[in-house]
Structure formats: structure tokens, C-alpha cells
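Thanks for coming, everyone. I have a few minutes, so let me put the structure up and walk you through it.

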Amino acid sequence: MLNELTDILCNTIKIPFCQTVIGSIVKEALQNVENLNPNVTCANIGACTSFTEVTSVEKLGDTCSECTMIAGEIITLLENEQVDSLIKEAITELCTVLPISDCETTLDGYFDELVALLKSLDAKTLCSLIGLC
């Protein structure tokens, strides 16, 4: 997986020693993700007060219930300014490698429109719109 990801990135970004540089960055990032404690990370980004809050599912295996629970969490996360800021930072980073003119302005605009749309819906409606309820 690491080699495939590095190949994809290096085919997009033409820099000297790309395989070595990007490979080590991706490897380190993946190791950092593997070492994260979900309880601590969830609370640190303000997504929840405890891990059990995020993982409680009323009926396991019921696609509509699971979708509704996940959609509700996503909508709640989008209300958090810190999460909004993290996503905007990710857009800035993404735009350093995408060949799109006015990339940040364009993606920020789409992101803001998508967030406004999601905030206007309740979780069950969102899941119905994507065909899971």
C-alpha cells in the first residue's frame, strides 16, 4: 500500500528523489496514525466527549440506522469550528499538488456550499437522499 500511494503521489508531483522523500513522509504519517489512541484523538479534536459516544449503534447491521448515526455525527462535527479549520487546512495542502487554477478559492467555495447543505438536512433525510434509508 505504501508503494502504491507513493507511486500515485510521485506521478502527480514531479520532484527529484520523490520516491524517497514522499515514501518516508507517508511511512511516518501512517506510523503516527497507527499509534493514535481513538479515545484521546476523538476528544482532542472536539468530536466527542468519549469514544463510546461515537461508537454506540442502536441496531448493528441495520444500514439505515448506521447511516443515520454516522450522518448525525458528521453534521455535528461540521458545527465544530476546529474541525472546519482542519478541513480548510487540508484543502490548502491538497491545493499544493492539484493542478487547478484558483484551487483554494474553488474548493473552499464547494466545501462551504456542501457544509451549508449538510447542516440544512437532518441525518435521516441525508441517508434517504443517498439511498441508505
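Cys 103 is buried, at a relative accessible area of 5%. Buried here means under 20% relative accessible area; exposed means over 50%, and partly exposed is in between, with a 1.4 Å probe and protein chains only.

A word on the source. This is a predicted model, where local features need pLDDT of at least 70 and side-chain atom pairs count only at pLDDT 80 or more, while totals for chains, interfaces and linings use all residues. Residues are numbered from 1 along each chain as its sequence is written, and side-chain values use heavy atoms, with hydrogens and water left out.

Back to Cys 103. Which residue does a disulfide join to Cys 103? The partner is Cys 95, with S to S at 2.1 Å. A disulfide, for this talk, is a pair of cysteine sulfur atoms within 2.5 Å.

Next, Cys 67 and Cys 127. Their sulfur atoms sit 2.0 Å apart in a disulfide. Cys 67 lies in helix H5 and Cys 127 in helix H8, so the pair ties together parts that are 60 residues apart in sequence. Helices, by the way, are DSSP runs of H or I with at least four residues, strands are runs of E with at least two, and both are numbered from the N terminus. The S-S torsion of Cys 67 and Cys 127 is about -95°, so that disulfide is left-handed. Cys 67 is buried at 12% relative accessible area. Cys 127 is buried as well, at 0%.

Then Cys 64 and Cys 133. They form a disulfide with sulfur atoms 1.9 Å apart. Is this one left-handed or right-handed? The torsion about the S-S bond is about 100°, so it is right-handed. Cys 64 lies in helix H5, residues 63-78, and Cys 133 in the segment after helix H8, residues 123-129, so this pair ties together parts that are 69 residues apart in sequence. Cys 64 counts as buried, at 16% relative accessibility. Cys 133 is partly exposed, at 37%.

**The overall fold**

Now step back. The chain has eight helices and zero strands. Buried residues make up 20% of its 133 residues. Look at contacts, meaning heavy atoms within 4.5 Å. Among those between residues at least 6 apart in sequence, 50% join residues at least 24 apart.

**Inside**

In soluble globular proteins, nonpolar side chains tend to be buried together. I call a nonpolar core a set of buried Ala, Val, Leu, Ile, Met, Phe, Trp, Tyr and Cys residues joined through side-chain atoms within 4.5 Å. Which residues touch the most other members of the largest core? Ala 71 and Leu 126, out of 14 residues. H5, H6, H7 and H8 are the elements that give two or more residues to this core. Leaving aside neighbours within four places in sequence, Ala 71 is in contact with Ala 123, Leu 126 and Cys 127.

Asp 112 lies in helix H7, residues 103-120, and Lys 88 in helix H6, residues 81-95, so the pair ties together parts that are 24 residues apart in sequence. Both ends are partly exposed: Asp 112 at 38% relative accessibility, Lys 88 at 23%.

Last stop, Asp 102. Asp 102 lies in the loop between H6 and H7. Its phi is near 55°, a positive value in a residue other than glycine. Is Asp 102 buried or exposed? Exposed, at 59% relative accessibility.

That's my tour. Over to you.
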